[in-house]
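Dear colleague,

Please find the structure below.

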Amino acid sequence: NRQHWEETAWVLLARSMGQVVNAAAFEAIARSLPIALLARLRNQRLQIEALLLGQAGLLEGPFGEAYPLALQREYRFMRTKWALRAPGIPLSFLRMRPAHFPTIRLAQLAGLMTAGTGWFARIREAADPEALLTELQADAGEYWTSHYQLETPSPPSPKKLGAAMQQGLLVNAFIPLLFAYGWLRGEPAFQEKAFSWLRQLRPEKNTLLARWQQLGVDTAHAADAPALLELKKHYCATRKCLNCAIGRTLLGQEGEATVCKSIS
């Protein structure tokens, strides 16, 4: 991004909101909408949401409800005005809870960007992670209270960004960016700030970390979890035991096959 840190923060924020399944699609959507364009639309929730849903290919219609029609109308106008081209990467709704549907995540992302686009400035200036977590509180909006998808009513329920998702944005997008900023600029204070934030946050909870815990490997804070996930993804899952110091140690001990199989 040619040293454009705010652009990078926007792309990483969007990618993290897409989570694993839709990360690539959300990143492509973010790259198709420059941060300068979103900055023009600050405090215009309908327009930002229309851009995100439209670039995701979700506003083709036909629609009967007033809100989807308004989104479609706004998107068609802005698409022509700014000669926008949708990335064309399909979104996945399969095997996920409705609260995690990409429609809800895009609406919540619109809420985060409506309040302002200077996320990197906030990351750099924040004294602690709690200050950022407060700013990461977002709601999908009134229409989505009774919808998970456009034109498909559902029982009313709030669609606020959960605590786990808020922390995930910090751990997967903002803290790595803060570290990279300090590293590339030769300012170790920002690198230490990134590590300090990780040590202040609780580790996430998932099936993989629970299996590590069963083997006696616990996670004390958020800095431990990415390390264990990295080991599993790039060494255990690819069976590169001989390239891993832990694997080489286990292979030299009795019962190593049982341990490796448990992790894999």
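The notes cover the nonpolar cores, one buried glutamine, the aromatic pairs and a pocket.

This is a predicted model, in which local features need pLDDT of at least 70 and side-chain atom pairs count only at pLDDT 80 or more, while totals for chains, interfaces and linings use all residues. Residues are numbered from 1 along each chain as its sequence is written, and side-chain values use heavy atoms, with hydrogens and water left out.

The largest nonpolar core has 66 residues; such a core is a set of buried Ala, Val, Leu, Ile, Met, Phe, Trp, Tyr and Cys residues joined through side-chain atoms within 4.5 Å. Helix α9 (residues 163–184) gives the most to this core, with 10 residues; helices are DSSP runs (H or I, at least four residues), numbered from the N terminus. Among the residues with the most contacts inside the core are Trp 10, Leu 52 and Met 113. Leaving aside neighbours within four places in sequence, Trp 10 is in contact (heavy atoms within 4.5 Å) with residues including Leu 52, Leu 109 and Met 113. Another core, of 7 residues, lies apart from the largest one and includes Leu 208 and Leu 231.

Gln 108 is found in helix α6 (residues 102–114). Its relative accessibility is 1%, so Gln 108 counts as buried (under 20% relative accessible area; exposed is over 50% and partly exposed in between, with a 1.4 Å probe and protein chains only). Beyond four places in sequence, the contacts of Gln 108 include Met 17, Asp 139 and Lys 160.

The whole structure holds 10 aromatic pairs, defined by rings of Phe, Tyr and Trp (its six-membered ring) with centres within 6.5 Å; planes under 30 degrees apart count as stacked, over 60 as edge-to-face and the rest as tilted. Tyr 143 and Trp 144 form an edge-to-face pair, 5.1 Å centre to centre with 90° between the planes. Tyr 143 is buried at 12%, and Trp 144 is buried at 0%. Phe 179 and Phe 195 are also edge-to-face, because their planes stand at 70°, with centres 5.4 Å apart. This pair links distant parts of the chain, with Phe 179 in helix α9 and Phe 195 in helix α10 (residues 188–200). Phe 179 is partly exposed at 28%, as is Phe 195 at 39%.

The second largest pocket holds about 180 Å³ of space. On a 1 Å grid over the protein atoms alone, a pocket is an open set of points where a 1.4 Å probe fits, with protein on both sides within 12 Å along at least five of seven lines; lining residues have an atom within 4 Å of a point. Arg 202, Lys 205 and Asp 218 are among those lining this pocket.

Yours sincerely

Note on methods: Points joined across faces, edges and corners; volume = space filled by probe spheres on them. Helix = DSSP H or I, 4+ residues; strand = E, 2+ residues; numbered from the N terminus.
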